[in-house]
Amino acid sequence: MRPFFTVLLIVIVLGALVTLVKALVPGGVPVDQPIAFNHALHLGDAGMECGQCHTDAATSRFAGLPGKEVCLDCHDIDEEEGSHPEKDKLFAYADSDDEIPWERVALTAPDVFFSHRRHVTAGGLDCLHCHPDQPLLTRPPATTGLVMAMTDCIACHEERSHTVDCLTCHR
Ligand code: HEC
Ligand code: HEC
Ligand code: HEC
Ligand code: HEC
Ligand code: HEC
């Protein structure tokens, strides 16, 4: 009988751990962005760079999402109104006092500390190191998701002889 109970106990403990980890790690929550923004088009045809829209990445913890004035630098309501349904959504925000209510989709676990400034400025890392698929996206992701698994964070820290102490990331 005893091996049976031992196996049962292991199964129960593992099951509880998996449930706990799933509850802690964000992901898969549906997101409906206010405008179906196209990264591929703006980085390709329009020749833009990440930092033109995500202006805080070099100086802050968060990279930030663009305000409407960034978009209206190029998109002219008088010339383009009625030419594309997603542009008309932009122009509706332009006409109102509201900012574009972009939602956060790229996440890490709630207890994990991550700073863009530390990696982009101090670490000298390119955005594409960690967001390799972003330039290919023709529309926003439909659900939230983890940017990177813990094993990938740790792999680079080890490669660069940087700390892998649990409490560096889990605060
Ligand atoms: C013309 C402006 C613009 C440029 C240039 C741009 N982005 Fe974005 N980015 C956005 C907007 C708007 C969103 C929110 C809508 C979406 O998810 O597409 C976004 C979302 C993101 C997100 C998800 C953020 C979240 O909401 O959690 C990441 C990651 C990202 N961009 C990375 C990049 C990288 C890396 C580059 C350069 C290769 C880049 N972006 C270039 C405008 C831009
Ligand atoms: C540097 C100039 C520039 C900036 C800044 C810019 N765009 Fe664009 N955008 C373009 C170009 C070029 C095109 C492709 C030609 C066209 O459709 O006008 C385009 C196309 C679009 C389209 C229609 C095409 C499609 O498939 O989606 C939408 C919608 C759009 N942009 C929204 C935005 C939003 C929202 C922002 C701000 C986050 C923004 N743009 C910032 C240059 C820009
Ligand atoms: C070392 C990996 C790494 C690098 C380099 C990196 N990012 Fe991120 N990025 C992340 C992680 C992890 C998250 C989720 C962080 C969170 O939830 O606090 C994230 C979230 C984001 C977001 C959404 C939330 C926010 O911070 O506003 C945007 C936008 C973004 N990154 C853009 C960029 C851009 C642009 C660059 C280059 C200038 C860049 N990232 C460089 C790992 C990275
Ligand atoms: C370099 C940063 C980093 C270090 C160091 C690190 N972690 Fe993590 N950890 C993460 C990230 C990011 C996640 C969320 C992504 C995932 O689940 O893979 C995570 C997720 C976890 C989770 C899942 C639950 C949660 O918190 O979201 C556990 C448990 C965990 N880590 C334990 C540890 C332990 C124990 C150590 C030390 C041996 C450690 N981690 C060291 C970055 C790190
Ligand atoms: C491609 C390499 C790379 C990846 C991927 C990476 N890091 Fe880092 N990280 C670094 C480097 C390099 C530094 C040190 C930068 C400096 O010189 O200050 C650093 C520093 C840090 C620090 C500051 C530690 C301290 O000393 O206080 C934290 C926290 C951190 N990273 C968390 C993360 C988390 C969480 C992830 C995954 C979501 C991650 N890192 C992914 C390279 C990376």
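A residue counts as buried when its relative accessible area is under 20%, as exposed when over 50%, and as partly exposed in between, using a 1.4 Å probe and protein chains only. His 42 comes in at 18% relative accessibility, so His 42 is buried. Keep in mind that this is a predicted model, where local features need pLDDT of at least 70, side-chain atom pairs need pLDDT 80 or more, and totals for chains, interfaces and linings use all residues. Residues are numbered from 1 along each chain as its sequence is written, ligands are numbered from 1 in the order in which they are written, and side-chain values use heavy atoms, without hydrogens and water.

His 42 also has a metal to hold: with His 75, it coordinates the iron atom of ligand 2, each through NE2, at 1.9 to 2.0 Å. The pair links distant parts of the chain, with His 42 in helix α2 (residues 39–43) and His 75 in the loop between α4 (68–72) and α5 (77–80), 33 residues apart. Helices here are DSSP runs of H or I with at least four residues.

Now for ligand 1. Of the 23 residues around ligand 1, His 39, Cys 50, Cys 53, His 54 and Val 105 come nearest; a residue is near if one of its heavy atoms lies within 4 Å. Ala 106 uses its backbone instead, with an N or O atom 2.7 Å from an oxygen atom of ligand 1.

Key: Donors = N, O, S within 2.8 Å, 3.2 Å for Na, K, Ca; no water. Helix = DSSP H or I, 4+ residues; strand = E, 2+ residues; numbered from the N terminus. Polar contact = N/O pair within 3.5 Å; in protein donor to acceptor, adjacent residues only side chain to side chain.
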